Structure formats: structure tokens, C-alpha cells
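The following report describes selected features of one protein model. Please consult the sequence and structure shown here alongside the text.

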Amino acid sequence: MPQLSTPHAAVVGLQWGDEGKGKIVDLLTARYDCIVRYNGGANAGHTVQVGTERYALHLIPSGILSKGKINVVGNGVVVDPEKILEEIDGLRKRGVEVGSNLRISDRAHVVMPYHKDQDAALEDLLAKRAGTAGNGGSIGTTRRGIGPAYADKIRRSTAIRMGDLLNREVLERKLDTICSMRMAELEALGATIGTGANEVRPLVPSELATRFAAAGEKLRPHITDTVYLLHDEMRAGRSVLFEGANACLLDIDHGTFPFVTSSNCSTLGIPSGSGVPGRQIGKVYGIMKAYSTRVGGGPFVTELLDATGDRIRKRGREYGTTTGRARRCGWLDLVAVRYSTMVCGADAIACTLLDVLSGFDELNVCVGYRRADGTITDRFVPDAERMTEFTPVYETLPGWSRELTDCHERSDLPIEAQQYLTFIEQYTATPIELVSVGPERNQTLESACRATAGAR
Ligand code: IMP
């Protein structure tokens with residue numbers, strides 16, 4: 001491997017999320033000093049298994065589970081203050097230290113309760129109108145208020161940032177303007193304002209200001225200018241790992257729009273979401289699972305709506321960390337993964353959940369999309385409307401029957417599993433450096449770079 005020009009790296013999901021990034025970040029954390037979240041909010045969910053303990057993290061970087069790391073929630077994240085406080089309490093109760101090792105950007109935007117109401121009201125409205133002209137139905141969001149919070153960030157005058165929580169007066173002044181406007185918007189979306197069941201409670205600026213200034217007080221020790229913090233750390237010779245939330249195909253600009261989340265969750269979001277220039281990132285690890293899943297609506301060319309899909313879901317325990325929803329499952333879509341590898345600039349791939357595929361006689365891998373007119377493309381089209389015409393073109397590879405959970409080297413894997421990995425490397429022209437065959441830290445095979453063939 002050539003010497004890296006900078007010690008900083010990024011980890012990003014190459015599919016629609018839930019690729020097992022938490023485990024890989026947790027593994028890589030040992031090698032870096034600062035772990036940084038740069039996008040998304042409590043819509044993300046990492047499950048990290050440490051020994052017999054299982055931690056579900058939503059906003060706090062997984063580095064919090066390792067001693068001596070600085071964990072940064074960057075300016076590109078949207079923070080639900082009460083959720084992050086809950087997460088901090090939960091970690092402390094289990095003996096995890098959360099103090100000066102957690103820093104939250106004063107410029108990160110705040111997710112307020114009305115963002116969640118708006119998210120739900122819009123989703124309900126879209127679901128009701130599904131099938132009407134130009135309406136593809138609801139997005140299937142996590143209803144965590146992510147889209148509306150980012151919308152306020154872009155609208156500017158109705159936004160609240162973490163730094164605002166530290167000044168009750170400023171907060172109440174902002175909320176004065178926001179609340180009346182927001183109630184009208186909620187009503188326009190079909191919500192009823194009231195105190196009954198299924199009604200949205202009236203928004204009272206002073207009440208909200210008191211509640212969120214209190215959350216701000218508790219978070220005060222963590223809130224800071226994380227841009228200077230990161231640059232100071234880097235200048236002092238410390239290394240940084242950027243932890244992507246959600247995943248490349250959910251990127252607001254480069255994903256399957258509009259069935260995406262509202263942030264740049266590819267590595268392209270790192271500079272704007274952390275204040276660190278892209279050229280500082282020396283290595284990008286793209287994480288992919290050995291098959292495909294997605295939650296919510298939107299195109300999914302390789303989706304399996306049959307017993308094979310059910311089998312993958314069961315073996316892979318494919319239920320959301322954040323919402324508990326059953327995930328849609330399908331064969332590996334290499335057209336999509338190669339696209340994400342290109343957009344994210346992935347230098348290496350970590351392939352997770354390979355063990356889930358044990359027991360299939362044959363495995364299909366999507367290497368092209370067939371259009372309605374019968375022509376084939378191997379280019380991804382990040383547009384939901386245009387993707388609906390695609391059907392998958394598969395290459396069929398031999399499966400393996402043996403369980404993989406006690407393999408320790410890539411060479412321990414059945415030859416068919418090794419061939420599966422080599423096929424991915426050749427198609428994406430990217431080496432697979434890590435392979436995960438189980439949830440434990442030690443169920444990870446690290447291999448030296450393989451020779452890769454083919455072009456991106
Ligand atoms: P939102 O981010 O809650 O607005 O949801 C937008 C879309 O992104 C929905 O399809 C969600 O299911 C999906 N999504 C958001 N975050 C994640 C994630 O971390 N994993 C998987 N899907 C996600």
C-alpha cells in the first residue's frame with residue numbers, strides 16, 4: 001500500500017444504511033484519536049456488540065465505547081437534545097464515561113418536537129394521497145423530524161442551533177416567530193391542534209424555551225466550536241475518523257431521490273458537516289453487507305419478496321435498530337455498490353454479514369439493470385422515478401453450506417465464499433480489507449489488499 005498522505009479516514013455505508021458500520025467503526029476506533037459524526041440525526045442507529053454487551057447508539061459516535069477518544073457531533077448533524085441526553089444517561093448507567101470526551105457543535109441544528117409532528121403529518125398526508133398524480137406515496141421516514149429540521153436549516157430564519165439553547169432569551173425570541181408559523185403549517189398538512197389523543201399540542205414559545213434551555217444547560221459542557229477543535233487536534237498530530245450515518249444511496253443529492261434522507265450522507269458531506277476539507281481524508285472505508293436491504297419506500301431493483309427474502313431477513317436479523325421495522329431484503333446489487341464506491345471515493349471495502357448467506361445453493365449478484373426496452377445499463381440512476389423501469393441482470397455464483405462464524409482468516413472461508421468476495425473486488429475495482437462473519441469484535445477477518453482487476 002502506498003504511504004497515506006494524511007492519517008485521517010472515513011467510514012461510510014455504500015448501500016441504504018444498516019451495513020453494520022457501527023461494528024467496523026468500533027473496530028477502527030482503536031487506531032484513531034477523534035471520532036466524528038458529520039451528518040444525520042437520531043434516524044441513524046448503530047448496534048455495537050462489546051463482549052456480551054450490546055449498545056444501540058443513535059447520535060453519539062461509537063468511539064464513546066473506547067477509552068481516551070474524543071467524540072464529536074459535527075455541525076452537519078441535527079441533534080435532538082432530549083434524545084442525546086437520554087443516550088448519555090443510558091451509557092453512564094452502564095458505566096461508560098461520557099464527559100469531555102463528547103463534544104457537540106454549537107452550530108449543529110436542533111430537532112424540536114414540532115419537527116417530529118411535521119414529519120409524521122407529511123408522511124400521513126403522502127400515504128393518504130398515494131397513487132394520485134405525481135405522488136409516489138410516503139417516503140417511509142423514521143419520523144424523527146430529520147427532514148423538517150434540515151428544511152429549517154436551509155430556510156434559516158426558522159432554525160435553532162445548539163448554541164441557541166445556551167441563551168434562553170434568544171431561544172424564546174426565535175420560538176415566538178416559529179411557533180405560530182409552525183402551527184399554521186401543521187394544520188395545512190392536516191394535523192389538528194388540540195389536547196386530545198392524536199392531536200398536536202398547541203406550541204407555546206415560553207414552555208418550549210424553558211424545556212429546551214434546561215436541556216441546553218445539561219449539554220453545556222459538551223457544546224463547543226467543533227471546527228476549531230478538530231483543526232487544533234489535527235495540528236497537534238492527532239488522527240480523525242469520520243463516521244457516516246445513514247448511507248450513500250440515501251444521500252440527498254446522490255441517492256434514490258426522493259426516497260432519501262435530508263443530509264449528504266456520502267463522504268461528500270464530510271467537509272460541510274465537520275469543517276474539515278476533503279483533502280484531509282487519506283482513506284475511505286466503504287461498508288457493504290453481502291446482500292442488500294432497505295427500510296422505507298423507494299426503488300430496490302434486487303428486492304426479494306419471497307421465501308428467500310424472508311430467509312435473509314431472519315438469518316440477518318434485519319429489523320431496524322431505530323424503529324424496529326422489518327427491513328426489505330434482496331440480493332447484492334453491485335451496480336449500486338460500484339456507484340457508491342465511486343461517489344464516496346472508497347479505497348477499501350468492508351463486507352459485513354457474509355455469514356448470513358451460508359446455506360444457499362446459489363447466490364445471485366446484480367451486475368446490470370435491464371430497461372423496459374430490453375437494453376442493459378451498468379450505471380446507477382439516482383432517481384426513483386427513472387429506476388422503476390429497471391429489472392436486475394444477475395450473475396449466479398455458487399453458494400456454500402458451512403457456517404462461517406468461526407473463520408478467522410479469509411483463507412479459512414469456503415472457496416465459494418472467497419470467490420464471492422473476489423467477484424465483488426473485481427466488479428468494483430476495490431479491495432475488500434475487512435470481512436465480518438458475526439457480531440463480535442473478533443469475528444472479523446482482516447486481509448491484506450488483493451490485486452483488483454477491472455475498472456470503475
Ligand atoms: P428520514 O431520514 O427519517 O427522513 O428517512 C428517510 C429515509 O431514509 C427512509 O427511507 C428511512 O427509512 C431511511 N433511513 C434514514 N436513516 C436510515 C438508517 O440509518 N438506516 C436505514 N435507513 C435509514
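## Charges over rings

Arg 94 lies over the face of Tyr 55, at 4.2 Å from the ring centre. A charge is taken to sit over a ring if NZ of Lys or CZ of Arg is within 6 Å of the ring centre and within 35 degrees of the ring normal. Phe 360 likewise has the charged end of Arg 311 over its ring, 4.0 Å from the centre.

## Basis of the values

This is a predicted model, in which local features need pLDDT of at least 70 and side-chain atom pairs count only at pLDDT 80 or more, while totals for chains, interfaces and linings use all residues. Residues are numbered from 1 along each chain as its sequence is written, and side-chain values use heavy atoms, with hydrogens and water left out.

## Aromatic pairs

The structure holds six aromatic pairs; rings of Phe, Tyr and Trp (its six-membered ring) pair if their centres lie within 6.5 Å, and planes under 30 degrees apart count as stacked, over 60 as edge-to-face and the rest as tilted. The ring centres of Tyr 369 and Phe 390 are 5.0 Å apart and their planes are at 25 degrees, so this pair is stacked. Because Tyr 369 lies in strand E16 (residues 362–370) and Phe 390 in the loop between helix H11 (384–387) and strand E18 (391–398), the pair ties together parts that are 21 residues apart in sequence. Helices (H or I, at least four residues) and strands (E, at least two) are DSSP runs, numbered from the N terminus.

Both Tyr 369 and Phe 390 are buried, where buried means under 20% relative accessible area, exposed over 50%, and partly exposed in between (1.4 Å probe, protein chains only). Ring pairs join Tyr 339, Tyr 369, Phe 380 and Phe 390 in a cluster.

## Helix H6

The buried residues of H6 are Pro 205, Leu 208, Ala 209, Phe 212, Ala 213, Ala 215, Gly 216 and Leu 219. Viewed down the axis of H6, these buried residues fall within an arc of 160 degrees, so they line one face of the helix; the arc is that of the directions from the helix axis to the C-beta atoms. Their cover includes helix H2 (81–93), strand E7 (102–105), helix H3 (113–128), helix H5 (168–188) and strand E9 (223–224).

## Glu 233

Glu 233 belongs to helix H7 (residues 226–235) and is buried, with a relative accessible area of 10%. Leaving aside neighbours within four places in sequence, Glu 233 is in contact (heavy atoms within 4.5 Å) with Cys 34, Ile 70 and Arg 238.
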